[in-house]
Amino acid sequence: MTVSSKPKLFLVPAYTGSLKYFARFWPRLREDYDAEFLFVRGPDRRREQMVAYAQQQGLPFRVLDQGLARATWRLPVLTSLWKHFRHIRACRRFIRETLPAKVILMKTLPPHDTIVREAARLGTDVIILQWSFHSSDPVFVSEVKGADPGFLGHRFIYFKLTTVLLWLLDFIFVGPRYLKAHRLPAKIGVFDEQAAEGYAAGYGFPRDRISVVGMADSQIVSELNQRLGADSIERCRLEHKYRLSSGQTRILIIAHGFHLRSWTGKTIDYQLA
């Protein structure tokens with residue numbers, strides 16, 4: 001196996017949507033980094049989709065799922081603690097063996113919080129990159145916050161107890177300095193100023209680390225437009241490929257949906273309306 005002299009970089013998507021977004025600028029990253037994709041997710045349908053897409057597109061990837069798979073046997077609380085401990089060890093071993101210079105993710109929420117902590121502990125630059133728009137409509141936000149999550153009674157107590165014990169596990173094996181994963185990224189890149197304020201207020205990211213970097217789609221389209229303006233042959237080829245009439249103004253609309261969790265009570269029909 002050939003060992004690259006370039007610094008290591010991992011792109012960590014959560015599902016196919018973010019994978020496709022990261023894949024758009026992966027070729028650029030390869031110019032300066034030994035860039036790979038890392039799927040930190042247990043075996044489920046979404047991981048299958050990511051693996052299938054990466055294989056189809058020829059994207060290099062690794063899977064890190066120790067401690068994330070569904071247990072064949074289960075003891076209340078203890079199984080969750082054991083799985084989390086296994087995942088801490090797996091992430092720590094992975095970072096030590098690969099020594100990445102940078103890890104780029106879309107979030108620091110579970111299950112990505114552990115890889116964020118371990119990367120930060122060993123001096124790897126952790127970067128959060130916005131990949132989709134987020135609704136800031138007050139009506140939309142109030143409806144989501146007002147939805148009943150369904151964690152009531154004994155289930156609420158169970159999850160609270162488990163959360164406290166997982167926190168203690170992180171305190172012991174990771175260290176108090178790294179408990180708040182959202183405080184660890186060195187840089188957070190977002191689309192615009194509205195997103196910058198939203199990421200600081202909604203996710204707790206330090207505002208002074210958030211930068212407006214724009215959207216990869218916009219940059220790619222802008223560069224393509226400039227290239228086609230200077231290359232009439234390529235322009236004609238694309239017009240023929242997409243059955244476009246020469247000389248007409250084209251408007252490109254990039255639409256992003258907002259997927260709401262099932263516990264919000266919002267149906268698919270509601271979300272698509």
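This is a predicted model: local features need pLDDT of at least 70, side-chain atom pairs count only at pLDDT 80 or more; totals for chains, interfaces and linings use all residues.
**Entry 1**

Seven of them form an open sheet, and I noted their order as 3-2-1-4-5-6-7, with parallel pairing. Which strands stand at the edges? I found strand 3 (61–63) and strand 7 (210–212) there. Each has a single partner strand, so one side of each is left without a neighbour in the sheet.

**Entry 2**

Next I picked strand 5 (residues 125–129) and strand 6 (residues 187–190), which run parallel. How many bridges join strand 5 to strand 6? I noted three.

I then asked myself which strands helix 1 touches. Helix 1 (residues 16–29) packs on the sheet and touches strand 1 (8–12), strand 2 (34–39), strand 4 (102–105) and strand 5. The direction of helix 1 makes about 165 degrees with that of strand 2. Helix 3 (residues 78–98) packs on the sheet too, and I listed strand 1, strand 2 and strand 3 as the strands it touches. Against strand 1, the direction of helix 3 makes about 145 degrees.

**Entry 1: helix 8 and helix 9**

Two packed helices are described by the angle between their axes and the distance between the axes. I looked up both values for helix 8 (residues 216–230) and helix 9 (residues 232–241): the axes come within 5 Å and cross at roughly 115 degrees. That makes helix 8 roughly perpendicular to helix 9.

Which residues meet here? From helix 8 I wrote down Leu224, Leu228 and Ala230, and from helix 9 Ser232, Glu234, Arg235 and Leu238. I sorted the residues of this contact into four nonpolar, one polar and two charged.

My last stop was the second largest pocket, with about 1300 Å³ of space. I read that 38 residues line this pocket, and that Ala216, Asp217, Gln219, Ile220 and Val221 lie nearest its centre. Helix 1, strand 4, strand 5, strand 6, helix 8 and helix 9 are the elements that give two or more residues to the lining. Which element gives the largest share of the lining? I found that helix 8 does, with nine residues. By kind, I noted 23 nonpolar, five polar and ten charged residues in the lining of this pocket.

Conventions
Residues are numbered from 1 along each chain as its sequence is written. Side-chain values use heavy atoms; hydrogens and water are left out. Two strands pair if DSSP finds at least two bridges between them. Helices (H or I, at least four residues) and strands (E, at least two) are DSSP runs, numbered from the N terminus. Contact means heavy atoms within 4.5 Å. Axes are lines fitted to C-alpha atoms, for helices over the stretch in contact, and angles run from 0 to 180 degrees between N-to-C directions. Angles under 35 degrees count as roughly parallel, over 145 as roughly antiparallel, 65 to 115 as roughly perpendicular and the rest as oblique. Ala, Val, Leu, Ile, Met, Phe, Trp, Tyr, Cys and Pro count as nonpolar, Asp, Glu, Lys and Arg as charged, and the others, Gly among them, as polar. On a 1 Å grid over the protein atoms alone, a cavity is a set of points where a 1.4 Å probe fits but cannot get out, and a pocket is an open set with protein on both sides within 12 Å along at least five of seven lines; lining residues have an atom within 4 Å of a point. Grid points are joined across faces, edges and corners, and a volume is the space filled by probe spheres set on the points.
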